[in-house]
Amino acid sequence: MRAWHLLGGLSDTLSDGGFYLATAVVHYTAAATSDRGRRRTSNEDAFGFSVEHGVYVVCDGMGGAAAGEIASAVAVSEAMRLLTHRAGSKSPAADAEQAVSAANEAIFSRAQRNKKLSGMGTTLVSLVVEDRRAWMLNVGDSRGYRLRNGRLEQITIDHSLVEEQIRAGQMSRMEALRSPLRNVITRALGTQSRITADVFELDAEPGDLFLLCSDGLTRELSDPVIESMLRLDLPLEDLCGRLVAAANEAGGHDNITSLVVRAGA
Ligand code: CA
């Protein structure tokens with residue numbers, strides 16, 4: 001099933017009188033931090049980004065032994081490789097979808113070849129930006145958010161059993177937080193030969209902050225807490241560090257990754 005969501009209109013560059021307004025190019029800066037957390041012996045999260053190419057990726061791997069680390073590393077490197085070698089394509093969203101499919105195939109075929117890696121998989125959340133246009137893609141329960149005018153909005157929708165039950169009216173958000181099934185995701189890269197990412201098309205304005213993160217962050221910190229931290233006008237490296245530190249202070253039950261992208265004039 002193909003899912004395509006349009007969030008908000010693109011910046012209107014045509015005035016009523018028919019004159020094109022000069023719109024400044026949006027310049028992006030970014031930082032990311034990944035941490036093992038306090039309970040896990042390894043870090044199966046991975047991230048990659050290229051400000052130059054407007055590509056940002058966070059993955060959260062799963063699987064026995066080192067398989068989870070391999071799955072997330074393969075997904076990040078394959079997605080980054082394809083998305084930083086786009087030859088002036090007209091459709092960044094389609095390119096991103098293709099990159100996610102290629103990453104899926106790379107992990108799946110590797111798991112097929114090596115029994116020890118059988119069943120490995122990874123989530124993926126990705127942001128692709130081109131001036132004032134932005135696309136978020138996700139598979140699994142790693143999330144993408146946008147902070148605009150001090151208000152945090154979750155852009156992606158978790159592919160998880162509890163999210164499905166919430167949407168079907170069978171569970172409240174509070175119940176989901178305590179559910180023993182809260183770890184069960186309904187889509188992952190690498191576990192099937194084909195996968196479809198959800199794609200969210202949105203606009204970017206100077207001042208916007210985008211956050212990509214693994215569930216090790218969002219399990220420990222509520223959206224209002226994340227919002228209040230993103231509103232602090234901190235250098236992005238400090239912001240990422242503070243988010244990870246706060247998740248560790250709240251328990252650090254899982255690997256924690258935060259990647260923050262700022263749109264500036
Ligand atoms: Ca995780």
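Which residues are linked with R146 in a network of salt bridges? The network comprises R146, R148, E153, D203, E205 and D208. A salt bridge is a side-chain nitrogen of Lys or Arg within 4 Å of a carboxyl oxygen of Asp or Glu.

The model is predicted, local features need pLDDT of at least 70, side-chain atom pairs count only at pLDDT 80 or more, and totals for chains, interfaces and linings use all residues. Residues are numbered from 1 along each chain as its sequence is written, and side-chain values use heavy atoms, with hydrogens and water left out.

An open sheet of 5 strands runs in the order β2-β12-β11-β8-β9, with antiparallel pairing. Strands (E, at least two residues) and helices (H or I, at least four residues) are DSSP runs, numbered from the N terminus. Two strands pair if DSSP finds at least two bridges between them. β2 (27–35) and β9 (151–154) form the edges, and each pairs on one side only. From one strand to the next, the twist averages 20°. Axes are lines fitted to C-alpha atoms, for helices over the stretch in contact, and angles run from 0 to 180 degrees between N-to-C directions.

Within the sheet, β11 (residues 209–213) and β12 (residues 256–264) pair in the antiparallel sense over 5 bridges. Here C213 stands opposite S258 in β12. Helix α6 (residues 223–230) packs on the sheet and touches β8 (143–148), β9, β11 and β12. Contact means heavy atoms within 4.5 Å. The direction of α6 makes about 130° with that of β9.

β8 and β9 also pair in the antiparallel sense, over 4 bridges. L147 stands opposite L152 in β9. The β8 and β9 hairpin has 2 residues between the strands, and N149 takes a positive phi near 50°.

Helix α7 (residues 236–249) has 14 residues, and its end C-alpha atoms are 20 Å apart. This agrees with the span of 20 Å that should follow at 1.5 Å a residue. The expected span is 1.5 Å times one less than the number of residues. Buried residues of α7 are L236, L239, C240, L243, V244, A246, A247 and N248. Buried means under 20% relative accessible area, exposed over 50%, and partly exposed in between (1.4 Å probe, protein chains only). The buried residues of α7 pack against β2, β11, α5 (215–218), α6 and β12. G251 follows α7 and has a positive phi, near 140°.

Helix α2 has 22 residues. Its first and last C-alpha atoms lie 32 Å apart, close to the 32 Å expected at 1.5 Å a residue. The buried residues of α2 include P92, D95, E97 and N104. V100 and I107 are also among them.

The structure holds 15 salt bridges. One of them joins the side chains of R40 and D254 (3.0 Å, N to O). R40 lies in the loop between β2 and β3 (45–50) and D254 in the loop between α7 and β12, so the pair ties together parts that are 214 residues apart in sequence. R40 counts as partly exposed, at 37% relative accessibility. D254 is buried, with a relative accessible area of 12%.

R146 forms a salt bridge with D203, with the closest N and O atoms 3.3 Å apart. R146 is in strand β8 and D203 in strand β10 (residues 198–203), 57 residues apart. Both R146 and D203 are buried. A further salt bridge joins R262 and D233, whose closest N and O atoms are 3.7 Å apart. R262 lies in strand β12 and D233 in the loop between α6 and α7, so this pair ties together parts that are 29 residues apart in sequence. R262 counts as partly exposed at 23% relative accessibility, whereas D233 counts as exposed at 72%.

The largest nonpolar core has 30 residues. A nonpolar core is a set of buried Ala, Val, Leu, Ile, Met, Phe, Trp, Tyr and Cys residues joined through side-chain atoms within 4.5 Å. V57, V100, I107, M120, L124 and L189 have the most contacts inside this core. β4 (55–62), α1 (67–83), α2 (92–113), β6 (124–130) and β7 (133–139) each supply at least two of its residues. The largest share, 8 residues, comes from α1. Not counting residues up to four places away in sequence, L189 touches residues including A75, V100, I107, M120, L124, V139 and I195. Another core, of 22 residues, lies apart from the largest one, and M229, L230, C240 and L243 are among its residues.
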